[in-house]
Amino acid sequence: MELIPPNTRIDFIGKKKYTMWISAVAILLCLGSIFVHGGLKYGVDFAGGLLIQPKFSKAVNISEVREALETMGLKDAMVQNFGGENEFLIRVEKASGDLGEMSNKIQTSLVERFKDKALEIRRVEVVGPKVGKDLKEKALWAVGLSLLAILIYVAWRFKTVAYGLGGLVALFHDVIITYGAISIFNLEYSLSLLAVILTIVGFSINDTIVIFDRVRENIKKMRKEDIETIFNVSINETLGRTILTSGTVMMVVLILFFFGGPVIHDFTTALIVGLITGTYSTVYIASPVVLFWEKNISGRKRRG
Amino acid sequence: MLSSLKWRFILYAAISVFAILLLLPTLTSQLPQWFNKVIPAEKIHLGLDLQGGMHLLLEVEAQKAVESYVERIKSNLGDDLKEAKIPVGKLEREKDNQILLEISGEKEKWEKILSQRYPMMPELSSSPLEKGIWRVTLVLDSKEAEQIKKNATDQALETIRNRIDQFGVSEPEITLQGTDRLLIQLPGIKDPQRAINLIGRTALLEFKLLDEEGDIEAALKGKIPEGDILLYQRSVDPKTGGVKKIPYLLKERTLMTGEYLKDARVALDSQFHEPYVALEFDDVGGKLFEQITGANVKKRLAIILDDNVYSAPVIQERIPGGRAQITGRFDTKEASDLAIVLRAGALPAPVKIIEQRTVGPSLGQDSIHQGIISTVVSAALVALFMIFYYRLSGVVADVALTLNIVLTMGTLALFRATLTLPGIAGLVLSVGMAVDANILIHERMKEELRWGKTVRAAIDQGYHRAFSAIIDSNLTTLIAGVLLYQFGTGPVKGFAVTLCIGILANIFTAVYITRWMFDFLTLRLNMKKLSI
């Protein structure tokens with residue numbers, strides 16, 4: 001079976017003057033959203049605080065839960081529905097005080113107040129502010145170092161910095177867009193969303209390397225063609241693979257999105273965005289960066 | 001070529017069978033006895049986010065252990081100097097590791113006591129105040145302080161492990177993290193709040209005398225007599241939930257602590273059928289208790305746990321035999337938890353809970369249930385799609401993908417790794433890359449066939465050409481994964497482990513196993529056309 005007829009020659013690279021604007025606008029929107037929201041909405045994992053997820057056996061109105069918390073003197077507690085009608089998330093962001101004791105108090109008084117609606121505490125998370133900060137810093141270090149390693153490895157394997165740089169800029173693009181989506185959809189940035197970011201980094205670099213690999217091969221074959229044509233040919237030659245791979249992965253993520261339940265809903269939402277941008281960025285971020293570098297920087301040096 | 005086909009088959013089959021054997025203990029618990037002797041019976045453990053349970057991160061306030069050590073030295077030093085008839089003015093602890101004293105009398109004499117009996121606290125400074133009076137500051141040796149802190153953390157770990165063992169949790173994990181943090185994982189725990197109370201309690205048992213002459217009214221206003229402290233008895237009315245606080249004025253000096261306890265059990269009061277905790281001291285403690293009670297007949301002795309007075313009975317007579325009891329308005333659960341913490345001993349320093357994550361068993365089950373269903377559905381769809389699109393070659397890819405998952409899981413089992421939600425994300429990424437590797441090879445072979453190559457040449461070229469892309473993308477991800485593992489914490493590590501193992505399995509299955517299968521199809525079965 002053939003998905004893409006052989007000798008397809010779509011001028012992908014030629015459209016880069018339009019897509020450049022699309023990317024720029026998208027990045028501005030994403031950064032803007034993060035800025036307007038005053039940074040990402042950090043979950044309990046990173047910000048510290050406490051989260052309690054009660055599930056009642058009968059339907060309970062959200063205002064009743066709010067009222068219960070208010071009578072306890074917790075005015076800044078946030079309550080939201082989670083999944084079904086009678087399941088809630090209660091969140092208290094508080095940097096000081098004994099969080100453990102507070103979580104204790106909330107649980108006992110909820111059990112007391114909703115005696116007739118037998119509730120089950122499904123989840124409790126209490127994270128001290130220091131731990132949250134630690135997690136954030138360590139995660140940042142780990143991710144930063146891996147990105148650096150990717151840059152070095154790719155630059156070494158492709159024998160010029162341009163490819164490493166192209167891959168890295170594409171990764172930054174994807175990470176910014178995904179963080180932007182997290183902000184625009186008002187998702188809570190937690191450890192599981194950090195896992196999404198890591199997954200997207202893996203997927204995006206994989207996609208980029210596959211096309212770079214074909215470019216590396218074609219450069220040897222098509223000595224007379226200019227680099228822009230070589231990129232176009234390479235992208236076209238691997239187009240079938242790109243659609244198949246991205247399509248299958250997208251299919252899996254969509255299934256998880258629709259049937260995976262509320263626990264991984266945020267996770268899959270961010271993943272869908274990341275997959276799209278990861279595929280897009282190979283063609284319209286990573287490749288133009290390499291082209292720009294080859295034409296303006298290493299090209300000039302050669303001539304000079 | 002054919003013989004190499006055979007040897008490759010033997011090697012690959014052996015690896016695959018081994019991986020399946022490694023996986024068996026995870027899949028079923030009904031394995032014959034001999035099995036465990038041959039194959040490591042390690043299982044893949046589900047993370048607390050998947051199976052439910054509690055994750056606690058405690059910080060041992062080890063500095064407090066240093067403080068109380070210095071506090072003890074201070075009181076010993078006071079006794080020693082008194083005994084030697086050396087007049088002491090001021091004697092107090094400064095900061096957490098210093099003692100400040102004002103001392104007079106023969107300088108040589110007290111200096112000798114200080115340097116010979118308290119070598120762990122060398123003089124930091126000394127200066128003459130007025131005639132014959134010296135102000136001396138002693139500071140705890142920093143190595144000594146480090147050792148005390150380390151011991152406190154180690155002992156806290158041991159004590160908490162004891163408590164949890166006695167509480168009864170299956171497969172608890174208690175590990176030291178960094179220098180002063182304890183990570184505790186309690187899978188499938190039913191009553192997390194109770195476990196927290198049990199673990200976090202310092203459980204310092206003390207016996208102190210009441211100061212019956214002291215003016216408690218004045219003390220409540222802030223005028224606490226020298227050498228006394230004010231503590232409370234808190235009692236909760238079970239009906240109204242109201243808390244009553246009764247103040248007690250006590251002599252600061254602790255006569256005895258819980259370190260001499262041999263046993264603590266729950267017993268029932270024969271009169272009121274209320275549970276209480278019966279204490280039994282060891283030989284030294286029994287004698288000490290006899291001495292204390294003998295010397296203080298008709299006085300009131302307070303039994304204090306973590307600065308909370310439980311009772312303060314009048315000593316009727318000297319009590320031999322080393323037995324005592326703690327009464328209070330306990331229910332049976334409280335009493336049995338109290339007995340557990342007393343038996344396991346006090347924590348050398350208080351602990352603070354800095355992170356707690358509890359996932360109720362039903363939530364864990366829900367995630368697993370939905371996770372499994374959607375994973376199976378999507379895996380089936382991917383497999384069907386591969387067959388639909390690539391025909392026989394799709395079957396080859398599916399076999400490789402299945403083997404990939406088996407190998408990854410088998411390795412996870414071998415390393416006793418824990419599978420968490422982020423871990424599954426890592427697995428999904430590695431499987432995605434495995435699918436990609438297969439697609440890369442197949443697409444390349446198709447291209448080669450289209451250019452008119454023979455089947456054998458197309459296979460050769462397909463693998464040869466796709467190899468660099470597969471290796472580069474997988475190695476890049478592997479390098480990133482190793483760094484994530486090295487520098488990341490908990491969930492990031494979980495992601496990295498499954499990703500790295502998955503990638504190694506991927507290179508093996510997608511490149512080598514499928515190659516063998518294609519070689520087998522064309523060389524042994526003499527297939528002339530490739531169904532791709």
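Reader: At what angle do the axes of helix 6 and helix 7 of chain B cross, and within what distance do they come?

Author: In this predicted model, the axis of helix 6 (residues 142-167) of chain B comes within 9 Å of the axis of helix 7 of chain B, and the two cross at roughly 145°. As for its hand, helix 6 of chain B passes helix 7 of chain B in a right-handed crossing.

Reader: Which residues make the contact between helix 6 and helix 7 of chain B?

Author: Helix 6 of chain B brings B:I160, B:R163, B:I164 and B:F167, while helix 7 of chain B brings B:A195, B:L198 and B:I199. By class there are six nonpolar residues, no polar ones and one charged residue in this contact. Arg belongs to the charged class, so B:R163 is the charged residue here.

Reader: What makes up the contact of helix 7 of chain B with helix 10 of chain B, by class?

Author: The axes of helix 7 (residues 192-200) and helix 10 (residues 332-344) of chain B come within 9 Å and cross at roughly 35°, and this crossing, too, is right-handed. From helix 7 of chain B the contact takes B:R194, B:N197 and B:L198, and from helix 10 of chain B it takes B:D337, B:I340 and B:V341. The classes come to three nonpolar, one polar and two charged residues. Arg and Asp both count as charged, so B:R194 and B:D337 are the charged residues of this contact.

Reader: Why is helix 13 of chain B called roughly parallel to helix 15 of chain B?

Author: Helix 13 (residues 421-450) and helix 15 (residues 490-524) of chain B pack at an angle of about 20°, and their axes are 7 Å apart. Angles under 35 degrees count as roughly parallel, therefore the name applies to helix 13 and helix 15 of chain B. The contact of this pair has 16 nonpolar and 10 polar residues, with no charged ones.

Reader: What is the order of the open sheet of eight strands, and what makes its edges?

Author: The order is 2(A)-3(A)-1(A)-4(A)-18(B)-2(B)-8(B)-7(B), with antiparallel pairing. Strand 2 (78-81) of chain A and strand 7 (173-177) of chain B have a single partner strand each, so one side of each is left without a neighbour in the sheet, and that is what puts them at the edges. Neighbouring strands are turned by 20° against each other on average, direction ignored. Helix 11 (residues 361-390) of chain B packs on this sheet, touching strand 4 (119-127) of chain A and strand 18 of chain B, and its direction makes about 90° with that of strand 4 of chain A.

Reader: Where does helix 10 of chain B pack, and what is its direction relative to strand 13 of chain B?

Author: Three strands of chain B form an open antiparallel sheet in the order 13-14-17. Strand 14 (residues 275-281) of chain B is joined to strand 17 of chain B by four bridges, and B:L279 stands opposite B:A324 in strand 17 of chain B. Helix 10 of chain B packs on this sheet, touching strand 13 and strand 14 of chain B, and its direction makes about 170° with that of strand 13 of chain B. Angles over 145 degrees count as roughly antiparallel, so that is how helix 10 of chain B stands to strand 13 of chain B.

Reader: Which helix of chain A gives the most to the side of chain A that touches chain B?

Author: In all, 57 residues of chain A are in contact with 57 residues of chain B. Helix 7 of chain A gives the most to its chain's side, with 15 residues. The residues of that side divide into 33 nonpolar, 14 polar and 10 charged.

Terms used. Residues numbered from 1 in each chain as written. Chains lettered and ligands numbered in written order. Predicted model: local features only at pLDDT ≥ 70, side-chain atom pairs only at ≥ 80, totals over all residues. Pairing = 2+ DSSP bridges. Axes fitted to C-alpha atoms, helices over the stretch in contact; angles between N-to-C directions. Contact = placed C-beta atoms within 7 Å. Parallel < 35°, antiparallel > 145°, perpendicular 65-115°, else oblique. Left-handed = near helix turned anticlockwise from the far one by under 90°.
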